Amino acid sequence: MSPAVLPEELITEVLSILPVKSILRFKCVCKPWKSLISDPFFIEKQLHQSQKRNKHLALILCKPHIQTVSYYYDRDCCVVPFPLDTLLLNPSKTINILPQHRLRYKSCFRVIGSINGLLCLFNSRIIREGEWDRNTWFRLWNPATKKISQKLGSITHPNCHPYFGGENQPNYLRFAFGYDNSNDTYKVVAFCPNEVRIFSFRDNAWKNIQCFPVVPYYRVALVRHREQRVNEGVYLNGTVSWLAIPNSKYFWGQYEEHEDLPAIDQFVIISLDLGTETYNQLLLPRDLVEVPTILPTISVLRDCLCVSYHIKTTHFAIWMMMEFGVQESWTQFLNISYADLQIDYESPRYNYDHLLHPLCLSEDDDTIILASSHEEQAFLYNLRDNRVRKTRITNNVLWMFSPHYIETLVSTGG
């Protein structure tokens with residue numbers, strides 16, 4: 001019998017839906033397969049397949065003995081890509097930490113963001129003893145292929161504590177990670193109220209752009225004894241968006257610890273188009289009229305921009321912008337009571353700064369994973385049967401910091 005010959009299109013289709021680990025092994029089958037798997041067309045096809053059915057969380061793990069240290073300075077953190085299906089089937093599973101998961105081996109200590117299977121890592125170090133001169137750099141890491149770029153975007157911040165400096169007060173730089181679809185390049189946005197810079201990984205160069213027309217809202221909350229800088233920017237379809245407010249004092253942190261939040265009609269969403277490097281302002285849903293007792297947050301679910309909102313101390317709601325940039329497309333996606341989430345808001349363990357933040361949806365959209373600033377585990381809430389479970393993973397996972405992730409063959413460029 002003559003051997004069966006599969007059409008080349010079928011081989012490409014089958015290989016593209018396999019796990020990355022298997023695809024890389026098949027490079028050894030024959031030279032045509034090796035050439036196919038390395039082809040940019042195939043890498044793009046595998047990326048699109050992964051976006052449909054390859055949901056993970058990049059779990060951030062830190063050891064218990066450094067739980068009183070800000071996550072921004074933890075030097076012994078690990079990043080473990082974890083399949084969402086595995087988490088949903090076995091929320092008590094122990095996570096196996098391998099040496100390649102440790103950030104310190106990559107000369108970095110923080111994850112800025114996750115896009116197309118690439119994690120943007122960040123590091124900063126003092127370069128002048130006794131002063132706050134710091135050098136910052138970034139690296140792109142693909143955990144699936146185990147490839148990592150060289151240190152890029154090196155920039156020195158004089159007199160900074162800890163990022164940027166001014167004569168009278170620290171000018172804290174914050175960072176966001178995005179992908180410029182129009183120019184096929186990954187970018188980092190570094191910003192404070194009076195300066196915005198963009199770093200292009202393709203050009204390995206920084207450039208200054210126009211400052212924000214309104215100020216991204218800065219507020220520090222404690223997440224398991226770690227500082228959480230809420231609303232640092234979310235990526236969606238070539239844009240990065242932040243919750244913002246006209247008054248810059250909320251960026252500088254010049255407010256009392258128990259000061260009430262601004263009225264909801266003062267908030268807007270500021271969106272930066274990474275291709276044109278211009279801004280657009282989006283209004284929050286019109287039905288949000290109460291003064292929030294807890295800071296609203298923004299996220300991305302189902303490829304839609306979302307606003308999470310606490311209704312007094314009884315309910316948690318998520319609004320979804322079904323068509324990006326269209327005010328009339330805001331739709332309430334979720335409205336759930338704290339009782340259904342098994343949260344007793346009268347308990348002393350919860351306070352006005354208790355945050356709930358959506359991480360991702362299951363592939364069938366049945367289950368949403370919520371991170372809590374006051375829980376050591378995440379909530380798994382089934383939208384169809386109104387059932388809630390908590391993870392029981394024994395590792396020290398910082399759920400609030402753990403971004404969505406997919407396994408891809410995308411190159412780190414180095």
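Predicted model: local features only at pLDDT ≥ 70, side-chain atom pairs only at ≥ 80, totals over all residues.
The buried residues of helix 4 are covered by several parts of the chain, including helix 1 (8–16), helix 2 (20–25), helix 3 (31–38) and strand 27 (404–406). On helix 4 itself, the buried residues are Phe-42, Ile-43, Gln-46, Leu-47, Gln-49 and Ser-50. Helix 4 comprises the 14 residues 40–53; at 1.5 Å a residue it should span 20 Å, and its end C-alpha atoms are 20 Å apart, which agrees.

One of the covering elements, helix 1, contains Thr-12. This residue has a relative accessibility of 9% and therefore counts as buried, since the limit for burial is under 20%. Leaving aside residues up to four places away in sequence, Thr-12 touches Leu-36, Phe-42 and Lys-45.

The start of helix 4 shows a further detail. There, a side-chain oxygen of Asp-39 reaches to within 2.7 Å of the backbone nitrogen of Phe-41. Pro-40 also belongs to helix 4, but Pro-40 counts as exposed because its relative accessibility is 61%. Pro-40 and Val-410 are 370 residues apart in sequence, while their C-alpha atoms are 8.8 Å apart in space.

The protein as a whole may now be considered. Its secondary structure consists of six helices and 27 strands. Of its 414 residues, 57% are buried. Among contacts between residues at least 6 apart in sequence, 56% join residues at least 24 apart.

Eight of the eight residues of strand 9 are buried, so the strand is largely enclosed by the rest of the structure. Both of its faces are covered: one side carries Thr-185, Lys-187, Val-189 and Phe-191, and the other carries Tyr-186, Val-188, Ala-190 and Cys-192.

Which strands pair with strand 9? Strand 8 (residues 174–180) runs antiparallel to strand 9 and is joined to it by seven bridges. In this pairing, Gly-178 has Lys-187 of strand 9 as its bridge partner. The two strands form a hairpin with four residues between them, and Asp-184 in the turn has a positive phi of about 50°. Strand 10 (residues 195–200) is likewise antiparallel to strand 9, with six bridges between them. Here Val-189 is partnered by Ile-198 in strand 10. A hairpin through two residues connects strand 9 to strand 10.

The aromatic side chains form another set of relationships, and the count comes to 16 aromatic pairs. In one of them, the rings of Phe-122 and Phe-138 have centres 5.7 Å apart and planes at 45°, so the pair is tilted. Phe-122 lies in strand 4 (residues 118–126) and Phe-138 in strand 5 (residues 134–142), so this pair ties together parts that are 16 residues apart in sequence. Both Phe-122 and Phe-138 are buried. A second pair consists of Phe-191 and Trp-242, whose ring centres are 5.2 Å apart; their planes stand at 70°, so the pair is edge-to-face. Since Phe-191 is in strand 9 (residues 185–192) and Trp-242 is in strand 16 (residues 239–245), the pair ties together parts that are 51 residues apart in sequence. Phe-191 and Trp-242 are buried as well.

Phe-122 and Phe-138 also belong to one aromatic cluster, together with Phe-109, Phe-175, Phe-177, Tyr-179, Tyr-186, Phe-199, Phe-201 and Trp-206.

Aromatic rings also meet charged groups. The charged end of Lys-106 sits over the ring of Trp-141, at 4.3 Å from the ring centre.

Finally, the backbone of two loop residues deserves attention. Most residues other than glycine have a negative phi. Ser-107, however, has a positive phi of about 60° although it is not a glycine. Ser-107 is placed in the loop between helix 5 (84–89) and strand 3 (110–115), and with a relative accessibility of 29% it counts as partly exposed. Glu-277 is not a glycine either, yet it has a positive phi of about 55°. Its position is in the loop between strand 17 (268–273) and strand 18 (278–283). Is Glu-277 buried or exposed? At 15% relative accessibility, Glu-277 counts as buried.

Conventions: Residues numbered from 1 in each chain as written. Heavy atoms only, no water. Phe/Tyr/Trp six-rings, centres within 6.5 Å; stacked < 30°, edge-to-face > 60°. Buried < 20%, exposed > 50% of the residue type's maximum accessible area, 1.4 Å probe, protein only. Lys NZ or Arg CZ within 6 Å of the ring centre and 35° of its normal. Expected span 1.5 Å × (residues − 1). Contact = heavy atoms within 4.5 Å. Polar contact = N/O pair within 3.5 Å; in protein donor to acceptor, adjacent residues only side chain to side chain. Pairing = 2+ DSSP bridges.
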